[in-house]
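Me: I've got a new model open and I'd like to learn how to read it. Can you walk me through it?

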Amino acid sequence: MAGPRRLGLTAPPAVSVPSGRWIAPAGWAGLWGGRPPHPGLVLAALATAAVGGVPLLYVFYRAATGGDEVWRRLWATRIPSLLVSTLSLTAGVTLVAALLAVPLAWLVARTDLAGRNVWAWVAALPLVIPPYLGAFAYISIFGPRGVLEGIVRRWVGAVPETLGPAALYSFGGVTLVLGLFTYPYVYLLVLGALRRFNVSLEEAARAAGHGPWAVFRRVPLPLLRPAVSAGTLLVALYVLADFGAVSMLRYPTFTQAIYLQLIGRYDRSAAAALGAVLVAISVFLLWAEDRARGRARYYQTVGTFRPQPQVRLGRWRRMALAYVLGVTMASVGVPLGMVGYWTFRGLAAGVPLEPLWRAAAHSLGAAAGAAFLTVALAFPVAYLRARHGGPICRGLAQLAQSGYALPGVVAALALIFLFNRYLPWLYGTPLVVLTAYVIRFLPQALQAEDAALAQVSPRLEEAARSLGLGPLAASARVTLPLVAPGLAAGWSLVFVSGLKELSATLLLRPAGFETLPVRVWMQASEGFFSQAGPAALVLVLCSAPLLGVLLGRQHRGEGHG
Amino acid sequence: MQRPVAPRRAPDRTTPRRPGSLPTLPGGPGLLLFLGLSLALATALAAGCAGAGTGTQGSGRGPGTEPPGRRELVVYSGRKDALIQPVLEAFESETGIRVVLRSGGASELASAILEERSRPRADVFIANDAGTLENLRREGVLEPYLSERVRAVPEDLRAADGSWVGVSARVRVIMYNTTLLAPEELPRTVADLADPRYRGQVAMAQSSNESVIGHVSALRHLKGDAYAEQFLRDLLANQVIRLKGHTQVRQAVGKGEFKLGWVNHYYYFLERADGSPVGVIWPDQGPDDPGAVFNVAGVGIVKGGPNPEAARAFVDFLLTPAAQELFARLNMEIPTLPGVPTAEGVPDLGSLKRAPVPLEVLGRELHRTVDLLEKVGF
């Protein structure tokens, strides 16, 4: 068969019964989009949802014990206005992150950008920099009496209003800074999708007589949509839950109100009630993302994979390079420069290094273990959602992701409640910290796996089954290897998030179980930055090479023919 | 020759598939690598856990591989590690009791103690605010202990029943930037901060900060709710800036971003030690003024904790002159045991006029104070 026959992009029918093997009662089948799954898969997904739902149950339990008086009191305060400021920040940061990430991913994946393989790695680096460090770097540059002000004062005189603190602490400034440190969520997922991208689809579209813009609109755009929406969802949920970076940038958000209840008042019921509002917002976002992706499913067969031709940038080459350089300088160069400076001063002052190595071992172990668990737990849910659909899948997926938008402290209290009451022999072990990471970062693995699965056609698995493999063997031998880049992306997301996690770790760690962020926090929260430097640098160095390995293996995956 | 992409609606049954090609699809070897890497790191974690279990602890200590002495004390501490570690080490070497330290935010740990109520894990709790401790006492999770040493602490700096006791006192002060304010321009009282002269020039910590809440509780106790509410409204009208914490406040004042900062006294000393041009005002010391508002970092014994005997020994230890001197030296705080010398430049309990506020008030009034802060819009 020569040549493309027709464009391979169509939405599946709502119910399709591909082979005679799926025979089940209509009602049960209806719940699964017409294709009931293997019961083992359902059990595994249920277990995942149960783990992910712990904070949700806790929040509702605590909120319910507070009674509706709590609600009346809270609603009379500045919570409505905080809600508005939080939602606008979420929207702004999400937009900035997407606008930064998609061109970056496209440039390093598809063009003849100079040094693209190096840039691919550098552009992912902000992921390993905790946003509170990034925020601090920007404050020390653009903030009052900062580096910028010093320079401008020397050469020009007065600092213009539009550059200094007024700009940094404005809505635009906060949005931009947060966007710089959250865009990798979108970037990594889009890059993964671009590299799995089958170029013959574009050729088919061109052969069908479409111009370049129409080709872009009809082929890469819809194929990238799952990755973009999954990535922006992660960014949005992150912004909702963040406390450290946002409050350093003097921007009032909803988490501040939660802290006032919990930290100021010790009122766990009121904090939980506010947490429930955050959960409601995140469930809405998850639902909206689900809707945005719609019923459309886009698959590619990877068997026909061919190397992608590079787009020649021509006279745009320099401009593209300037763009990549500019973004990475702002998101990587600035904070790393500051951390390097701290480290230099800290080492000169003789900061002891021995506790640092122990903290690094704890951090690496906990983050890697949690990433492994999370990827494994997320897979059944992602698989069910991609292959079967229906209300049960959606419910399970939402339950598993509901805790993501909760501040770490609330998730930690939920786990204290659970473990101390029902699993006391495990309380005070690193396993509790691990569980917190799993719960907090389950959506990252889920979104990455979702985006990967969305590109693999179920036809392949059906073909394997028609050749005599059982359903699980077919998944394991066909689908699993194909989505391995997605699993790796999910693993790396959870790993670096776990490495950065602070608020839940602080409360749940066993005595003496110090992680790198805990060490950074202990010094930096009191303003002893040079002592925090070495720990911050090791934190970045621990995750940076891993990012390279994962990006590298995605890269090699593209060469198969 | 290329094969077409199988359209979703019309599966192409004629496309030949080679079963042999399946295992070599992209990702196969990489997957193994990835799984192997994960397992290796998970093993490293297990090793790390084992290490944590044998009693390595807190920063700044050597590898804690001493044989188990069986006697142990679990400390939940909201203080910065460097400020409590030397005290804990002194306690260990004097008593031979092994200290297990869990440090973090004081309020977060207080929430953890409440959440652990059904199965207490901590022996003692160290907090930076009397309100936090008194609130726990009112929740019924602290064990009263009125030893002779506890009684030596002035009554307004501890719980009447000895459920908690202040071990080091801090004064609420006003710090200022000496390059921006001349001596004759300085405020004299906390009430002056609401003076329109200082519009937009005052920084403070945000309202979830326990010291801020404590101070407002003290004002309500001293001058009544109506006064406190009006003062807060005047502060807002005066465009007071609320920053994340006192560290941000002291740095902002040190850099000259704001002329005045409303902080605990040791933040002034920390900023001065960083080389910034700052000065301090010990407020409300005039004959008609109520005196400066105090707060304490204190300790309480957790009811039903695993090692009650060690907990009592620890509380008594913190109130020995030697330990009190450590507090004075480490963080420029004021010892609560009368007669222990303070660090240079720090007034002692006797030389500073102290507002007549029993610190129990800070816990008792906590909720109503937060109500007020919320109502005013802080």
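Predicted model: local features only at pLDDT ≥ 70, side-chain atom pairs only at ≥ 80, totals over all residues.

Me: Which elements of chain A have the lowest and the highest mean pLDDT?
Reply: Helix 1 (residues 26–31) of chain A has the lowest, at 62, while helix 5 (residues 79–110) of chain A has the highest, at 91. Watch residues 1–25 of chain A too: pLDDT is below 50 there, though the stretch has 40 contacts beyond near neighbours in sequence. Residues 553–561 of chain A are also below 50, with 20 such contacts.

Me: Okay, helix packing. At what angle do helix 22 and helix 23 of chain A pack?
Reply: In general, you describe two packed helices by the angle between their axes and the distance between the axes. Helix 22 (residues 458–466) and helix 23 (residues 471–500) of chain A pack at about 125°, axes 9 Å apart. That angle makes helix 22 of chain A oblique to helix 23 of chain A, and the crossing is right-handed.

Me: What classes of residue make up that contact of helix 22 with helix 23 of chain A?
Reply: Five nonpolar, two polar and three charged. Leu460(A) and Arg465(A) are among those from helix 22 of chain A, and Pro471(A) and Val478(A) among those from helix 23 of chain A.

Me: And how is chain B divided?
Reply: Into domain 1 (8–168 + 295–351) and domain 2 (170–293 + 364–376). In chain B, 14 residues of domain 1 touch 12 of domain 2, and helix 4 of chain B gives the largest share of the domain 1 side, five residues.

Terms used: Residues numbered from 1 in each chain as written. Chains lettered and ligands numbered in written order. Axes fitted to C-alpha atoms, helices over the stretch in contact; angles between N-to-C directions. Helix = DSSP H or I, 4+ residues; strand = E, 2+ residues; numbered from the N terminus. Parallel < 35°, antiparallel > 145°, perpendicular 65-115°, else oblique. Left-handed = near helix turned anticlockwise from the far one by under 90°. Contact = placed C-beta atoms within 7 Å. Nonpolar A, V, L, I, M, F, W, Y, C, P; charged D, E, K, R; others polar. pLDDT = per-residue confidence, 0-100. Domains from an automatic or database assignment.
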